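These are my notebook entries on a single protein chain. I record what I looked up, residue by residue, and then turn to the chain as a whole.

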Amino acid sequence: MNWHTKVSQNLTAIPDFINYYELELVNARKQVGIYGRVEKNITDLPGVTEERFGQLQEVEAVLNYLNIELRKLRRKFFQKYLEGYNRVLSSRDAEKYVDGEQEVVDYEIMINEVSLIRNKFLGILKGLESKNFMLGHVVRLRAAGMEDITLN
């Protein structure tokens, strides 16, 4: 499912996007743990890492799109305040007014929610890196003759 395309065509897809990725995070957290045979964990790790990294890239693309749209919206309001306001405003004053516009605030809230999803996926990738590190050391211990090493 290409969420970037969906969101860029219709921003009302953002709640569905967030729900989808929140569910994916629940599943991803399970994949960070080490369960069962070490060999199975090792063979699954590259595919899991690729899948979760791809999801992170999609979240990043949506976040970037929202930031582009926010800049466009801010420019529109900024221009409105600089050109169409009853009195002359400094750029800083106009910026303050733009920050208070409900549309701008709504976009910033959306961006914040998507940023939270991105940050959680970054945490998942850190966990997968740690899992790779730990599994690599278990394999090295077994190769050195410590066959009874287990993970609980």
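**Entry 1: Asn41.** I looked up Asn41 and found it in helix α3, which covers residues 38–84; helices here are DSSP runs of H or I with at least four residues, strands are runs of E with at least two, and both are numbered from the N terminus. The model is predicted, so I note that local features need pLDDT of at least 70 and side-chain atom pairs count only at pLDDT 80 or more, while totals for chains, interfaces and linings use all residues. Residues are numbered from 1 along each chain as its sequence is written, and side-chain values use heavy atoms, with hydrogens and water left out.

Is Asn41 buried or exposed? Asn41 counts as buried because its relative accessibility is 6%; buried means under 20% relative accessible area, exposed means over 50%, and partly exposed lies in between, with a 1.4 Å probe and protein chains only. I then listed its contacts (heavy atoms within 4.5 Å). Leaving out residues up to four places away in sequence, Asn41 touches Gly33, Ile34, Tyr35, Gly36, Lys131 and Leu135. With Lys131 there is also a side-chain polar contact of 3.2 Å. By polar contact I mean a pair of N or O atoms within 3.5 Å; within protein, one must be able to donate a hydrogen and the other to accept it, and residues adjacent in sequence count only if both atoms are side-chain atoms.

**Entry 2: Arg52.** Helix α3 also holds Arg52. I record Arg52 as buried, because its relative accessible area is 2%. Which residues does Arg52 touch, not counting those up to four places away in sequence? I found Glu24, Asn27, Ala28, Gln31, Phe121, Ile124, Leu125 and Leu128.

**Entry 3: Tyr81 and Val98.** Tyr81 is a further residue of helix α3, and it is buried, with a relative accessible area of 10%. Beyond four places in sequence, Tyr81 touches Leu89, Ala94, Tyr97, Val98 and Glu101. I also took the C-alpha distance from Tyr81 to Glu95, which is 8.6 Å for a sequence separation of 14 residues.

Apart from neighbours within four places in sequence, its contacts are Arg74, Phe77, Phe78, Tyr81 and Val104. Gln79 is 19 residues from Val98 along the chain, and their C-alpha atoms are separated by 9.5 Å.

Entry 4: I next looked up Thr5, which is in helix α1, residues 3–9. Thr5 counts as partly exposed because its relative accessibility is 31%. Its side chain makes a polar contact of 2.9 Å with the side chain of Asn2.

Asn132 belongs to helix α5, residues 102–143. At 47% relative accessibility, Asn132 counts as partly exposed. The C-alpha atoms of Asn132 and Glu24 are 20 Å apart, and the two residues are 108 apart in sequence.

**Entry 5: the whole chain.** How many helices and strands does the protein chain have? I counted five helices and zero strands, in the order α-α-α-α-α from the N terminus.

For overall dimensions, I noted that the C-alpha trace spans about 80 × 30 × 20 Å along its principal axes. The radius of gyration of the chain is 23 Å, whereas a compact globule of 152 residues would have one near 15 Å; the radius is taken over C-alpha atoms, and the globule rule is 2.2 Å times the number of residues to the power 0.38.

Of the 152 residues, 34% count as buried. Among contacts with a separation of 6 or more, 74% come from residues 24 or more positions apart.
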